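Please examine the sequence and the three-dimensional structure shown below. The paragraphs that follow lead from a single residue to the sheets and then to the chain as a whole.

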Amino acid sequence: MRNKILLLTLLFFLAFVFRAYPQVAGDIDPTFNPTDKGFAIGDGTNGNVNSIVIQGDGKIIIGGNFTSYNGTERNRIARLNADGSLDNSFNSAIGLNNTVWAIALQSDGKIIIGGDFTSYNGTARNRIARLNADGSLDVTFNPGTGTNSNINTIAIQSDGKIIIGGNFSSYNGTERNCIARLNADGSLDITFNPGTGTNDWIKSIVIQSNGKIIIGGIFTSYNGTARNFIARLNADGSLDTTFNPETGSNNTV
């Protein structure tokens, strides 16, 4: 009898636990994107999502190659509420005419986007633009002719300067191979001198707390020095030779 009581008590306890905590690590969270009904009704985006950033208020900005979110037109960029529903207060209007590959948030809430696009809401912006917090174009950020090919990654320094990486060879008419630093207004920061830069794509940039910059991609040299797929730069854009990856990686970082 005692064993039966213990068994019943255990079963009751387990039933309570699973009722109170029905989800386990790795389960899909059904409270996110509640308008997704399944069966192609409200199933998120209709194309790739390449970049995601989360605002301080918990809202989520996504960029990629989609043209709708849960059946509502959103061209390559959208903002979601914390529960995954579409945030209609973010008005990107006609949006972008090509892919977004990178999104970065400034401390003031403005949004920098990079990719393959050449316009935002009908205004010419070659592969880089800055948006206001409501999704409108920030016309105080002027990249001029921008880059001549795609931007894949963006990092923002603590002083507000912006480092971009990708597959371009110029910024606003000035030679910059795959990496450049911009001033907060979108102009080229000529104090950042990468020399000949990398010999192929940069796909990722992170900034250390000391201001040094780590880059990854599919390159095999930086400013003429062998660096296989990863390198560290000084704050002025020169190669940091104290960071020695030796033979580096054998494929894309």
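R232 is found in strand β20, which covers residues 230-233; strands here are DSSP runs of E with at least two residues, helices are runs of H or I with at least four, and both are numbered from the N terminus. The model is a predicted one, in which local features need a pLDDT of at least 70 and side-chain atom pairs count only at pLDDT 80 or more, while totals for chains, interfaces and linings use all residues. Residues are numbered from 1 along each chain as its sequence is written, and side-chain values use heavy atoms, with hydrogens and water left out.

Is R232 buried or exposed? R232 has a relative accessible area of 14% and is therefore buried; the term buried applies under 20% relative accessible area, exposed over 50%, and partly exposed in between, with a 1.4 Å probe and protein chains only. The side chain of R232 has two polar partners to consider. One is the side chain of D240, joined to that of R232 by a polar contact of 2.7 Å, and another is the side chain of T242, at 3.4 Å. A polar contact is a pair of N or O atoms within 3.5 Å; within protein, one atom must be able to donate a hydrogen and the other to accept it, and residues adjacent in sequence count only if both atoms are side-chain atoms. Leaving aside residues up to four places away in sequence, R232 touches Q208, K212, I213, I214, L239, D240, T242 and F243, where a contact means heavy atoms within 4.5 Å.

The sheets come next. Strands of a sheet pair through backbone hydrogen bonds, either parallel or antiparallel. Strand β7 (residues 111-115) is joined to β10 by four bridges in the antiparallel sense, two strands being called paired if DSSP finds at least two bridges between them. Within this pairing, I113 stands opposite A129 in β10.

Another open sheet has three strands in the order β11-β12-β15, again with antiparallel pairing. Here the edge strands are β11 (151-156) and β15 (179-182), each of which pairs on one side only. Strand β12 (residues 162-166) pairs with β15 over four bridges in the antiparallel sense, and I162 has L182 in β15 as its bridge partner.

Two residues other than glycine have a positive phi. R76 has a phi of about 70 degrees and is placed in the loop between β4 (72-73) and β5 (77-80). With a relative accessible area of 16%, R76 is buried. For E246, phi is near 55 degrees; E246 lies in the segment after β20 and counts as exposed at 65% relative accessibility.

Finally, consider the protein as a whole. Its secondary structure comes to one helix and 20 strands, and 42% of its 253 residues count as buried. The average pLDDT, the predictor's confidence in each residue from 0 to 100, is 90, and 87% of the residues score at least 70. Over residues 13-21, pLDDT stays under 50, and the model has zero contacts beyond four places in sequence for them.
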